[in-house]
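Please walk through this structure with the model open beside the text.

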Amino acid sequence: MKLIAEARKQNRSALDEQAGKALLAEFGVAVPQSAMVAGADEVGQKTKSLKFPVVVKVMSPDILHKSDAGGVKVGLQSAAEVESAIRAMMQQPAIAAARIDGFLVEEMAPPGQEMVIGGLRDPQFGPLVMVGLGGIFVEILKDVSFRLCPNARIDAEEMLTELKGAAILKGARGTKPASLEAIIDVLLKIGGENGLLMQHAGDISEADINPLIVSDTAAVAVDARFILG
Ligand code: ADP
Ligand code: MG
């Protein structure tokens, strides 16, 4: 696998976000169209093929949680807005102090429910896949569901019904329902028989898609991190 070999060659212990998303795309998981820019000066020329609104994110091996560092700005309507967002980011202390690979400009995913899909490797049993609702559900309530890989369709369906917050996926308090089909499809592409975790069981020790944004028709992975083991 080229992406993983390349990261190892550079002595990296994880795939960066761009490589992580390229790996997901190889397994058929939808990721946003994007362009990498070195700085504000390149935005005009490199974002011509993107559909606005877009998001801009700082890419740095020193920054794990981009939002905490002030390194994510969503809903930008024009190249000019992207340029000023990048200039503002570069003033943030945590970003000014970090090694910067560049700035990732990507299309906004259709709005929807934020989910988390993860993976880890048990030394004895091999890869496990995890799913949960995003935000407080996973961070505070730890409302997640795990299965050993490979998982079949029935396992993926059960994982979702097991969540305490499952009702939210059906649409609650005026929010639109999230496509269960789209979530199950991604769960199988990650944790299924020919899924990413099984195919790369020897290389990937942890996977984290946070969030997967699930609308009533589609699921898009807007953040991805893979730790190599
Ligand atoms: P962090 O490193 O802080 O986790 P993320 O890449 O997850 O950074 O971005 C932070 C938040 O911004 C996401 O949880 C999501 O709500 C929003 N976001 C990021 N990328 C997109 C996108 N392409 N479309 C829509 N929302 C996005
Ligand atoms: Mg994230």
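Gln199 sits in helix α10, residues 196–199. Helices here are DSSP runs of H or I with at least four residues, strands are runs of E with at least two, and both are numbered from the N terminus. At 46% relative accessibility, Gln199 counts as partly exposed. Buried means under 20% relative accessible area, exposed means over 50%, and partly exposed lies in between, with a 1.4 Å probe and protein chains only. Gln199 and Met1 are 198 residues apart along the chain, yet 10.0 Å separates their C-alpha atoms.

This is a predicted model: local features need pLDDT of at least 70, side-chain atom pairs count only at pLDDT 80 or more, and totals for chains, interfaces and linings use all residues. Residues are numbered from 1 along each chain as its sequence is written, chains are lettered from A and ligands numbered from 1 in the order in which they are written, and side-chain values use heavy atoms, with hydrogens and water left out.

Now turn to ligand 1. The shell around ligand 1 holds 19 residues, and Lys57, Lys66, Ser67, Ala109 and Glu114 come nearest. A residue belongs there if one of its heavy atoms lies within 4 Å of the ligand. The shell divides into 10 nonpolar, 3 polar and 6 charged residues. Here Ala, Val, Leu, Ile, Met, Phe, Trp, Tyr, Cys and Pro count as nonpolar, Asp, Glu, Lys and Arg as charged, and the others, Gly among them, as polar.

Which atoms of the protein does ligand 1 meet through polar contacts? A polar contact is a pair of N or O atoms within 3.5 Å; within protein, one must be able to donate a hydrogen and the other to accept it, and residues adjacent in sequence count only if both atoms are side-chain atoms. A ligand nitrogen is 2.9 Å from an N or O atom in the Glu106 side chain. A ligand oxygen is 2.5 Å from an N or O atom in the side chain of Glu114. An oxygen of ligand 1 is also 3.3 Å from a polar backbone atom of Asn210. On its own, ligand 1 has 540 Å² of accessible area, and the protein covers 83% of that. Such areas come from the Shrake-Rupley method with a 1.4 Å probe; for residues, only the protein chains shown count as cover. Elements giving two or more residues to the shell are β3 (54–59), β4 (72–76), β5 (102–107) and β9 (204–214). Strand β9 gives the largest share, 3 residues.

Salt bridges come next. The rule asks for a side-chain nitrogen of Lys or Arg within 4 Å of a carboxyl oxygen of Asp or Glu. The count comes to 19 salt bridges. In one of them, Glu17 pairs with Lys66, with the closest N and O atoms 2.8 Å apart. Glu17 lies in helix α2 (residues 17–26) and Lys66 in the loop between β3 and β4, so this pair ties together parts 49 residues apart in sequence. Glu17 counts as buried at 7% relative accessibility. Lys66 counts as buried at 9%.

Lys57 and Glu106 form another bridge, at 3.0 Å from N to O. This pair links strand β3 to strand β5, 49 residues apart. Both Lys57 and Glu106 are buried.

Arg153 and Glu157 meet in a salt bridge too, at 3.1 Å. They are 4 residues apart in helix α7 (residues 153–162), so about one helical turn separates them. Arg153 is partly exposed, at 38%. Glu157 is also partly exposed, at 32%. Elsewhere, bridges with shared partners join Glu17, Lys21, Lys57, Lys66, Glu106 and Asp223 into one network.

Finally, look at the backbone. Most residues other than glycine have a negative phi, and most peptide bonds are trans. A cis peptide bond joins Asn210 and Pro211, with omega about 10 degrees. Pro211 belongs to strand β9. Cys149 and Pro150 are joined by a cis bond as well, with omega about 0 degrees. Pro150 falls in the loop between β8 (144–148) and α7. Asn11 is not a glycine, yet has a positive phi of about 60 degrees. Asn11 is exposed, at 73%. Lys142 has a positive phi of about 50 degrees and lies in the loop between α6 and β8.
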